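Hi,

Here is the model I promised to pass on.

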Amino acid sequence: MSSGSKSGKDTVTTTYADLDEASTRVNEHRPDPPSRVIKLILEKFSIEFLQKHLLLPLDGGELVRIGIASRDALPALEDVRLVLQQDVEPVLMSQAEVEEGLRQLLVEQLETERPDEDAAVVLGEEDTAADLYTISTQAPIVQLVTSMILKAVGVGASDIHLEPYEDHAVVRLRVDGVLQDAFTVARSRFNAVVSRLKVMARLNLAESRLPQDGRIKVRAGDRRIDIRVSIVPTLFGERVVLRLLDRSQKLRSLDDVGLDAHSYALVRAFGDYPHGLVLSTGPTGSGKSTTLYALMLEVQSPHRNIITIEDPVEYQAARIGQIQVNARIGLTFAAGLRSILRQDPDVIMVGEIRDAETADIAIHAALTGHLVLSTLHTNDAPTAVSRLLDMGIPGYLISASLLGVVAQRLVRRLCTDCRVPYTPLDTDLVQVGLPPTQGQGQTRRIYRPGGCDACFHTGYRGRVGLFEVLCVDEEIGRQIARSGEASSIRAAAVAKGMRTLLDDGNSKLLTGVTSIEEILRASRT
């Protein structure tokens with residue numbers, strides 16, 4: 001359909017040329033709370049129709065303005081014009097912006113249609129990859145669960161916590177590593193919400209006394225979300241935690257995780273070794289797997305066979321063989337690692353070294369011509385050696401196989417739109433290891449969070465890594481073989497120039513990347 005093919009007011013009034021000009025105004029059209037015109041469109045057309053044709057109603061006062069992702073949507077705009085009996089002004093936008101806007105509208109619509117206290121609950125078998133955009137017309141509890149997941153996806157949450165108490169239940173979202181209250185659920189509806197999640201995860205509906213774990217696969221438009229479900233019984237009901245893994249999320253490169261130039265060179269050099277063990281350490285959710293994948297992408301080539309075994313597989317990467325652990329059928333890290341060694345690998349990534357058997361196989365693989373990458377839960381780089389010793393690995397094997405350890409934490413980035421420069425107290429500077437005189441000389445570069453619409457008034461937007469890179473040379477190797485004591489390894493490494501996590505944090509503090517509060521929070525975990 002061409003806008004020039006009809007005359008008079010009963011036409012779509014914008015030409016293709018107008019659409020090209022409008023494409024420069026994309027960022028001006030993020031949806032606000034629905035206006036009268038938007039509400040009218042949502043009354044006349046379903047979310048499913050808008051999603052199918054990628055039509056995003058925009059707030060244009062009394063004008064009917066609709067964002068479109070391509071000119072293929074123009075025939076659907078004519079349908080909108082005929083139904084509304086009003087002129088329609090198209091605005092060309094990217095597909096991602098249209099889909100994000102539709103997600104926001106759907107969340108707002110579902111939240112205004114929350115079920116009544118005594119609403120009927122309809123539970124049924126769920127498709128393993130149901131599209132959240134297409135179930136807005138189903139049962140009230142289904143809508144409530146859909147709204148919760150879409151809201152979490154929209155704000156970039158990594159986890160959803162559903163916590164029952166005596167007279168109500170709280171839903172909290174972990175955004176940028178920090179839990180935030182999202183909304184409350186009436187106690188009378190909470191059990192139905194848990195039952196709905198059990199159905200989606202194919203768990204036992206009748207079991208409420210024992211912990212259960214499961215998985216859910218859903219889609220939000222083109223985004224595929226894998227959800228790990230953990231349910232445990234508590235005093236006032238079953239507590240649920242959902243871990244969200246966005247399959248559409250792009251892998252980060254090694255220079256995009258927060259490494260400074262010196263640390264980047266050290267980590268990148270690990271990938272050039274033909275064999276040896278490289279460990280990434282830190283608490284859960286500190287970005288260890290992200291860093292290892294970034295290193296694998298750096299060393300990936302047609303001449304290297306790379307295989308991983310993970311639980312779960314968090315990223316999908318081309319030309320890398322990825323194995324999902326399945327303990328129910330005996331496919332553990334140790335069993336999978338043995339099989340991988342028969343696949344003629346050059347590089348092996350083990351999602352986590354959890355036990356002595358896996359550690360022993362990984363060490364011997366590193367000694368027999370394979371580059372092995374893995375994660376370990378320790379507080380810093382030197383204590384990774386102590387952890388391996390505790391698992392029963394002899395010190396001489398560790399010193400012979402270990403190339404290096406990358407310890408890391410994630411801290412929130414200050415929002416550059418609203419961060420505020422200030423003069424910190426001397427006591428605050430001392431807490432992060434900065435001499436007061438040095439800190440006062442750098443006050444123009446020390447910031448604290450402000451709060452604006454761009455960062456949802458948190459003062460932070462996104463996260464960045466703090467790193468500590470331990471390189472095992474001959475001297476460090478002798479320390480490991482001799483005693484493996486973490487304090488002596490740390491002292492030797494610092495004397496050779498190793499930057500600690502706190503050193504890296506202070507560097508990012510003095511360049512305005514993060515705040516004192518974030519450095520203290522990370523250094524205490």
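First, the ground rules. This is a predicted model, so to speak of local features I kept to pLDDT of at least 70, with side-chain atom pairs counted only at pLDDT 80 or more, while totals for chains, interfaces and linings use all residues. Residues are numbered from 1 along each chain as its sequence is written, and side-chain values use heavy atoms, with hydrogens and water left out.

On confidence: pLDDT is the predictor's confidence in each residue, from 0 to 100. The chain averages 83, and 85% of the residues score at least 70. Residues 1–33 stay under 50 in pLDDT, and the model gives them 58 contacts beyond four places in sequence (contact means heavy atoms within 4.5 Å). Residues 439–443 also stay under 50, with eight contacts beyond four places in sequence.

Now the sheet. Helices (H or I, at least four residues) and strands (E, at least two) are DSSP runs, numbered from the N terminus, and two strands pair if DSSP finds at least two bridges between them. Seven strands make an open sheet with mixed pairing, in the order β13-β12-β14-β15-β11-β16-β19. Its edges are β13 (321–324) and β19 (460–471), each of which pairs on one side only. On average, neighbouring strands of this sheet are turned by 20 degrees against each other, direction ignored. Axes here are lines fitted to C-alpha atoms, for helices over the stretch in contact, and angles run from 0 to 180 degrees between N-to-C directions.

Within the sheet, β11 (residues 276–281) and β15 (residues 371–376) run parallel and are joined by six bridges; Val278 stands opposite Leu373 in β15. Helix α8 (residues 261–270) packs on the sheet, where it touches β11, β15, β16 (402–414) and β19, and its direction makes about 65 degrees with that of β19.

What else does α8 pack against? The axes of α8 and helix α9 (residues 288–299) come within 9 Å and cross at roughly 65 degrees. The two helices are therefore roughly perpendicular to each other (angles under 35 degrees count as roughly parallel, over 145 as roughly antiparallel, 65 to 115 as roughly perpendicular and the rest as oblique). Tyr264, Val267 and Arg268 of α8 make the contact with Leu295, Glu298 and Val299 of α9. Those residues divide into four nonpolar, no polar and two charged (Ala, Val, Leu, Ile, Met, Phe, Trp, Tyr, Cys and Pro count as nonpolar, Asp, Glu, Lys and Arg as charged, and the others, Gly among them, as polar).

β6 (residues 168–175) and β7 (residues 178–186) run antiparallel, with eight bridges joining them, and Val171 stands opposite Phe183 in β7. Two residues lie between the strands, and Asp176 in the turn has a positive phi of about 55 degrees.

Most residues other than glycine have a negative phi, and most peptide bonds are trans. Arg202 has a positive phi, near 55 degrees, and lies in the loop between α7 (187–200) and β8 (212–220). Asp344 is not a glycine either, yet has a positive phi of about 55 degrees; its place is in the loop between α10 (333–340) and β14 (347–350). Finally, Asp311 and Pro312 are joined by a cis peptide bond, with omega about 0 degrees, and Pro312 is found in the loop between β12 (306–310) and β13.

Cheers
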